[in-house]
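This briefing covers the contact between two protein chains and the surroundings of a ligand. The sequence and structure come first.

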Amino acid sequence: MLQIAMGAVILGLLWALTTIGVYITYKILNIADLTVEGSIAMGAAIAARAIYSGMDPFKATILAIIGGVLAGLATGLLHTKLRIPPLLSGILTMIGLYSINLRVLGKANQSLLRLKTIYTVFGDLGIGKDRFSTQLGLGQTLPILAVAVLCVAITIFVLRWFFGTEIGYSLRSTGDNPRMSRSQGINTNSMIILGLMISNGLVAFSGALIAQQQAYADVQMGTGSIVIGLASVIIGEVLYARRSFLSRLVAVVLGAITYRLIIALVLELGMPASDLKLFTAITVAIALALPVFKSHWEPIKNSIRRRVDVTS
Amino acid sequence: MLQVKDVSKTFNQGTANETAALRNLSLHVKQGDYVTLIGGNGSGKSTLLNCIAGVFNVDQGHIIVDSQDLTGCSEHKRAKVFGRVFQDAMVGTSAQMTIEENLALALRRGMRRTLSRGIAPKEKTLFQERLKILELGLEHRLDTQVGLLSGGQRQALTLLMSILREPKVLLLDEHTAALDPKTAVRVLELTDRIVQDRQLTTLMVTHNMRDAIRYGNRLVMMYDGTIILDVKGEAKRRLSVEYLLNLFDQASGEEFPDQKALLA
Ligand SMILES: Nc1ncnc2c1ncn2[C@@H]1O[C@H](COP(=O)(O)OP(=O)(O)O)[C@@H](O)[C@H]1O
Ligand SMILES: [Mg+2]
């Protein structure tokens with residue numbers, strides 16, 4: 001049980017980087033960016049291929065991030081320069097990336113078993129080698145957890161700084177009110193491109209970390225990732241969000257972990273794994289519709305409260 | 001100062017919806033001019049302001065400020081020169097950001113944005129000082145989200161943002177039209193005070209002929225994409241609403257929409 005929960009937490013943390021990427025496009029830039037599906041697989045493909053070819057896992061991961069940044073750039077250019085609607089721009093990049101990822105990987109999937117990854121490097125440092133962890137059977141898990149927490153923490157730290165800068169402010173205002181932003185002298189096209197690059201860089205980072213964790217990269221692994229990302233963002237927002245930017249980022253991470261715990265739970269309860277995507281889709285649909293439900297529920301709640309007031 | 005030279009703008013050219021919004025329009029606004037711009041619905045007032053600010057590219061003609069031709073220049077680059085307030089109070093501010101964040105964005109209008117802090121610590125006192133001018137108590141609410149403010153408060157804030165970094169020309173497009181009458185008067189008085197105090201070169205669109213006569217030193221009336229009246233100084237002070245209405249009727253062969261309200 002501990003191991004299942006731990007596995008869910010780790011998966012949640014690794015996916016949290018994708019979720020933060022989705023948060024940046026969906027919540028800050030106000031764009032539903034489907035590039036994510038391609039860039040997560042791209043991160044995995046680049047990291048896997050590089051590691052398989054003998055590259056240092058840290059360099060391989062950085063290379064993966066650069067790949068994602070370029071994917072974001074492609075979508076950004078399609079949208080801002082060629083005036084293709086953002087949804088379609090993302091789809092075009094995503095489709096194109098499928099072929100690119102196949103080329104990068106050289107085949108549909110690649111195992112990384114027994115190869116040096118970021119986690120084995122940390123494992124060699126001695127994390128999880130103590131007797132206590134070994135007895136609990138966490139010898140493999142602890143280094144992964146350490147890396148995941150570290151990566152998420154650094155990402156949150158950097159993003160919090162970035163969105164507090166002049167450029168960060170401009171990016172936020174561009175997503176919220178592009179007309180006002182232009183009238184205040186902000187180049188909204190550049191900001192959209194920048195946001196997409198940051199977002200997809202993070203998503204590819206996530207893909208690289210996931211591939212190394214499961215010791216396996218697959219060009220299909222991005223399928224449905226945008227929905228998983230959205231689900232996590234919404235769960236985080238509904239359950240944990242506070243006002244400050246930092247707390248919102250933390251909420252997004254907690255949302256990603258919560259999503260994985262929910263999935264682990266329903267699987268434990270006997271739901272076939274093949275139904276997962278349907279389950280996720282329905283969850284997201286309900287979550288997106290929450291404001292609608294709320295607007296129906298509020299009047300009912302208020303009328304009940306009023307009646308209670310009258311009787312008391 | 002600001003020269004609009006022989007500008008034409010047609011929307012949806014070559015389709016059934018083709019609309020000539022500006023027809024060979026020329027206007028020369030001098031340094032310190034405070035122009036009120038009136039005209040019926042669809043006469044092209046907003047289009048003129050949008051062409052000046054670079055929201056739309058003109059089909060023909062030039063937009064020149066201080067002998068610098070801005071015609072091909074993109075909107076965000078022109079923002080260095082123009083301060084703007086729009087009719088819709090939602091347009092001029094970022095609802096999700098706080099009052100101070102909005103002001104910080106406006107303080108950097110026309111400047112390179114870098115990776116330094118979005119708000120420098122010493123700027124807060126500047127913002128508080130400036131917000132006091134509005135007399136709305138916003139100086140105590142720097143970290144309030146702008147989305148929580150009323151339309152009038154947002155419009156006053158937008159006005160402050162448009163002049164925080166002094167613009168060469170201030171462009172106001174019916175910026176009090178969507179407010180309730182009492183708030184509209186307050187925002188208009190505030191605008192007048194700011195423009196007079198700072199001697200700002202201003203182009204203010206209004207749908208109210210009385211306001212157009214009361215404020216400013218020059219009045220321009222548009223009809224169907226052209227200027228049909230342009231009076232300054234003493235001649236402007238002697239204008240009457242009746243005269244403007246008559247002129248409008250002559251030009252259009254129809255009655256000015258809010259005529260009765262204006263004469264009431
Ligand atoms: N973005 C646009 N697309 C198409 N037609 C437009 C657009 N903006 C304005 N128009 C048309 O141009 C004409 C002038 O509009 P506008 O400048 O908004 O007038 P005003 O501000 O004087 O009421 C109108 O006929 C209007 O329908
Ligand atoms: Mg208008």
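Three salt bridges are counted between chain A and chain B (a side-chain nitrogen of Lys or Arg within 4 Å of a carboxyl oxygen of Asp or Glu). The model is predicted: local features need pLDDT of at least 70, side-chain atom pairs count only at pLDDT 80 or more, and totals for chains, interfaces and linings use all residues. Residues are numbered from 1 along each chain as written, chains are lettered from A and ligands numbered from 1 in written order, and side-chain values use heavy atoms, without hydrogens and water.

**Chain A against chain B**

- In one salt bridge, A:Arg182 pairs with B:Glu75, with the closest N and O atoms 3.0 Å apart.
- Helix 8 of chain A gives the most to the side that touches chain B, with seven residues (helices are DSSP runs of H or I, at least four residues, numbered from the N terminus).
- That side of chain A has six nonpolar, nine polar and six charged residues (Ala, Val, Leu, Ile, Met, Phe, Trp, Tyr, Cys and Pro are nonpolar; Asp, Glu, Lys and Arg charged; the others, Gly among them, polar).
- In contact (heavy atoms within 4.5 Å) are 21 residues of chain A and 31 residues of chain B.

**Ligand 1**

- Around ligand 1 there are 13 residues (a heavy atom within 4 Å).
- A polar side-chain atom of B:Thr47 lies 2.5 Å from an oxygen atom of ligand 1.
- Helix 1 of chain B supplies the largest share of the shell, three residues.

How values were computed
Helices (H or I, at least four residues) and strands (E, at least two) are DSSP runs, numbered from the N terminus. A polar contact is a pair of N or O atoms within 3.5 Å; within protein, one must be able to donate a hydrogen and the other to accept it, and residues adjacent in sequence count only if both atoms are side-chain atoms.
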